[in-house]
Amino acid sequence: MTVILIPAFNEADVIADVLGEIKAACDFPVIVIDDASTDNTVAIAEQAGATVIPLSAQLGAWGATQTGLRYALRNGYDTAITMDADGQHDAASLAALLEPVSTGATDVAVGACTQRGSWLRHIAWKMMKQTSGLRLEDITSGFRVYNRKAIRQLAGWRATLLDYQDIGVLLLLQSKGLSIVDVKVPMQPRRNGKSRVFHSWVMVVYYMCLTLTLGLSKRKFAHRYRSPYGAH
Amino acid sequence: MARIEQMISIVTGSIGLLVAAIIIFMMRRDTLHAQHGMGWIIVALCFALLGFSPEIIDYIAQNFGVAYPPVLAITMAIAVLVIKILLMDIERSRIEVRNQRLIQRMAMLEADLKSLKKNPPDTTGLKE
């Protein structure tokens with residue numbers, strides 16, 4: 001059983017279109033996690049046929065996504081797809097992204113689009129990759145597929161401590177021995193608003209410091225000392 | 001000179017006792033949890049003790065080879081404060097997780113409740 005999770009905060013303008021596109025592309029149940037929106041996102045999402053989980057206080061994009069993952073775990077779903085509510089992610093790429101997880105080739109698939117983003121975001125990615133030791137193209141992408149093993153890990157309290165869904169989540173999964181792959185997908189520009197992080201310098205500096213600290217503190221050191229002659 | 005020193009020790013000692021009294025008062029009013037109050041009373045009493053008899057610090061400093069005893073007192077105070085703040089942040093992380101998970105659970109239950117209201121379970125076959 002597969003479920004689509006969409007964290008949403010004040011996305012009333014675009015959520016109906018996004019849900020319509022998903023419905024046209026697949027039959028999976030869609031769950032919108034409302035991150036305490038102040039507009040009528042909830043009503044519109046419900047009208048479009050989605051189940052809405054209404055958070056009573058704002059938890060941020062990751063807090064909302066985790067709520068969806070906990071809900072998926074409770075309700076026995078084996079696969080969870082996370083997508084942004086702002087129309088960045090193409091429902092048409094769902095099949096390609098789902099394939100490596102549904103065939104059992106990997107535990108987590110991350111939809112990667114490295115063409116997107118400003119130069120600032122590219123520098124951020126590079127620094128994140130360097131400090132965390134993660135070998136992924138698009139670390140900040142919210143377009144992902146998790147299998148049941150990954151959902152179980154991410155529903156736990158350890159993942160609640162994270163503020164963003166990028167490095168912390170990926171490092172947590174990696175430390176539990178789960179495999180993560182990149183799948184190249186096209187992405188659209190945001191239809192509504194702007195990035196919650198990459199819009200003010202103060203936020204970017206705070207976010208980068210936090211993420212780099214997290215990357216460095218949770219870095220997997222084992223591969224540094226791995227013998228070049230393979231396992232023994 | 002000795003008189004001034006005596007005055008200073010009485011004032012600092014009294015401040016310590018006053019703080020301890022305020023903490024006990026706050027605990028009686030339930031403004032401060034007994035668990036936190038205990039630590040603060042100890043701090044205030046140490047403050048009073050060192051205030052009334054500063055020779056203690058002089059004696060310890062001498063034994064540890066610290067040339068200027070007040071530095072030892074200040075260093076120890078800073079160390080205690082840093083440890084306290086660190087413990088507070090650890091506690092805060094724990095509370096944040098609990099709070100966030102509660103909000104999440106409430107939202108999930110709200111979603112379940114809504115769907116139950118929309119599609120109530122069929123109870124017509126139940127016996128009275």
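Colleague: In which element of chain A is A:Asp17 found?

Modeller: Helices (H or I, at least four residues) and strands (E, at least two) are DSSP runs, numbered from the N terminus. A:Asp17 is found in helix 1 of chain A, residues 15–25. Residues are numbered from 1 along each chain as its sequence is written, while chains are lettered from A and ligands numbered from 1 in the order in which they are written. This is a predicted model, in which local features need pLDDT of at least 70, side-chain atom pairs count only at pLDDT 80 or more, and totals for chains, interfaces and linings use all residues; side-chain values use heavy atoms, with hydrogens and water left out.

Colleague: Is A:Asp17 buried, partly exposed or exposed?

Modeller: Buried means under 20% relative accessible area, exposed means over 50%, and partly exposed lies in between (1.4 Å probe, protein chains only). A:Asp17 has a relative accessible area of 44%, so the residue is partly exposed.

Colleague: How far apart are the C-alpha atoms of B:Tyr68 and B:Ile42?

Modeller: They are separated by 25 Å, and the two residues are 26 apart along the chain. B:Tyr68 sits in the loop between helix 3 (55–64) and helix 4 of chain B. B:Tyr68 counts as exposed because its relative accessibility is 55%.

Colleague: How many helices and strands are there in chain A?

Modeller: Chain A has 9 helices and 7 strands. Of its 232 residues, 53% count as buried. Contact means heavy atoms within 4.5 Å. Among contacts in chain A with a separation of 6 or more, 75% come from residues 24 or more positions apart.

Colleague: Which value of phi does A:Asn10 have?

Modeller: A:Asn10 has a positive phi of about 50°, although it is not a glycine. A:Asn10 is in the loop between strand 1 (2–8) and helix 1 of chain A. A:Ala36 is another residue other than glycine with a positive phi, near 55°. A:Ala36 lies in the loop between strand 2 (30–34) and helix 2 of chain A. At 25% relative accessibility A:Asn10 is partly exposed, and A:Ala36 is partly exposed at 23%.

Colleague: How much area do chain A and chain B bury between them?

Modeller: The size of an interface is often given as the accessible area lost when the parts come together. Buried area is the accessible area (1.4 Å probe) that two parts lose on being put together, summed over both. Chain A and chain B bury about 1,700 Å², with 57% of it on carbon and sulfur atoms. In chain A, A:Arg70, A:Arg74 and A:Thr160 lose the most area to chain B, together 34% of what that side buries. The contact takes 20 residues from chain A and 15 residues from chain B.

Colleague: How many residue pairs in polar contact are found across the interface of chain A and chain B?

Modeller: A polar contact is a pair of N or O atoms within 3.5 Å; within protein, one must be able to donate a hydrogen and the other to accept it, and residues adjacent in sequence count only if both atoms are side-chain atoms. The rule finds 10 such residue pairs across this interface, both residues at pLDDT 80 or more. Helix 3 of chain A gives the most to the side of chain A that touches chain B, with 6 residues.

Colleague: Which residues of chain A does B:Gln104 touch?

Modeller: Leaving aside residues up to four places away in sequence, B:Gln104 touches A:Leu55, A:Leu59, A:Gly63, A:Gln66, A:Thr67 and A:Arg70. B:Gln104 is in helix 4 of chain B, residues 69–118. B:Gln104 counts as buried because its relative accessibility is 0%.
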